[in-house]
Amino acid sequence: MYRFLVIIAFCLVPPLKSQETNINFDGKRYVLVRSLATWSDAESDCNSKGGHLASIQSTQEANHFNDIAKNRVIWLGAKRSSSGDWNWADDTLWSFTHWNGGEPSNDGGNENCLATSGGSTAVWNDLDCELPLPYLCELGNNYGDL
Ligand SMILES: [Ca+2]
């Protein structure tokens, strides 16, 4: 009888909609977080998970995450320094870029953080770092099971 009641109880509780999706890609671990955060808060949350906002190194990688994010605008792990250079938060070399046409536009002189454009082609846009957006963390390849 007890088991029967437990099963009924589980059936009545609606499943919580997860705000995070774990992704394994190219031997590395990522988490897509759907709750919204500024770029700095997103990077802090990625740090607390043992990583950084994701760095993207190829068109294939950009397309893969764009498919998973379903064309949402999401934060990626690069920021423009005061000298105007772009740097990845995880210190990988800034070599591959995937800017949308006309980007980085630095509209209003205030777009210093890297996001996807939200379209179907996974290209990039620079946006105001204070915008609340979903984000992609990269946890490296030595992080334990979540
Ligand atoms: Ca822009």
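Two residues are in contact if their C-beta atoms, placed from the backbone, lie within 7 Å. On that basis, residues 24 or more positions apart account for 63% of the contacts in the protein with a separation of 6 or more. The legends below describe a predicted model.

**Figure 1. Overall arrangement of helices and strands in the predicted model.** The protein has 146 residues, of which 28% count as buried. Three helices and eight strands are present. Along the sequence their order is α-β-β-α-β-α-β-β-β-β-β.

**Figure 2. Strand β4 and its two pairing partners, β5 and β6.** β4 spans residues 75-80 and is mostly covered, with five of its six residues buried. Its pairing with β5 (residues 86-88) is antiparallel and runs over three bridges; here A78 has W88 as its bridge partner. The pairing of β4 with β6 (residues 113-116) is also antiparallel, over two bridges.

**Figure 3. The largest nonpolar core.** This core has 27 residues. Those with the most contacts inside it are L53, W75, L76, A115, Y135, L136 and C137. Two or more residues each come from β2 (28-37), α2 (39-48), β4, β6 and β8 (133-140). The element that gives the most is β8, with five residues. In soluble globular proteins, nonpolar side chains tend to be buried together.

**Figure 4. Surroundings of C137.** Leaving aside residues up to four places away in sequence, C137 touches Y30, V31, V33, C46, K49, G51, L53 and A54. C137 is also listed with L53 among the core residues that have the most contacts inside the largest nonpolar core.

**Figure 5. The buried side of helix α2.** W39, A42, E43 and C46 of α2 are buried. These four residues lie on the same side of α2 because they cover an arc of only 100 degrees around the axis. The buried residues of the helix pack against β2, β3 (52-53), β4, β6 and β8. Just after α2, G50 takes a positive phi of about 100 degrees.

**Figure 6. H64 in helix α3.** H64 belongs to α3, which covers residues 59-69. It has 17 other C-beta atoms within 10 Å, so H64 is partly exposed. H64 and A122 are 58 residues apart in sequence, yet their C-alpha atoms are 8.5 Å apart in space.

**Figure 7. Non-glycine residues N71 and D91, each with a positive phi.** N71 sits in the loop between α3 and β4 and has a phi of about 65 degrees. N71 counts as partly exposed because 14 C-beta neighbours lie inside 10 Å. D91 is found in the loop between β5 and β6, with a phi of about 70 degrees. D91 has 9 C-beta neighbours inside 10 Å and therefore counts as exposed.

**Figure 8. The cis peptide bond between E103 and P104.** Omega for this bond is about 0 degrees. P104 lies in the loop between β5 and β6, where D91 is also placed.

Conventions
Residues numbered from 1 in each chain as written. Predicted model: local features only at pLDDT ≥ 70, side-chain atom pairs only at ≥ 80, totals over all residues. Buried ≥ 20, exposed ≤ 12 C-beta atoms within 10 Å, placed from the backbone. Pairing = 2+ DSSP bridges. Core = buried A, V, L, I, M, F, W, Y, C linked by C-beta atoms within 7 Å. Arc of directions from axis to C-beta.
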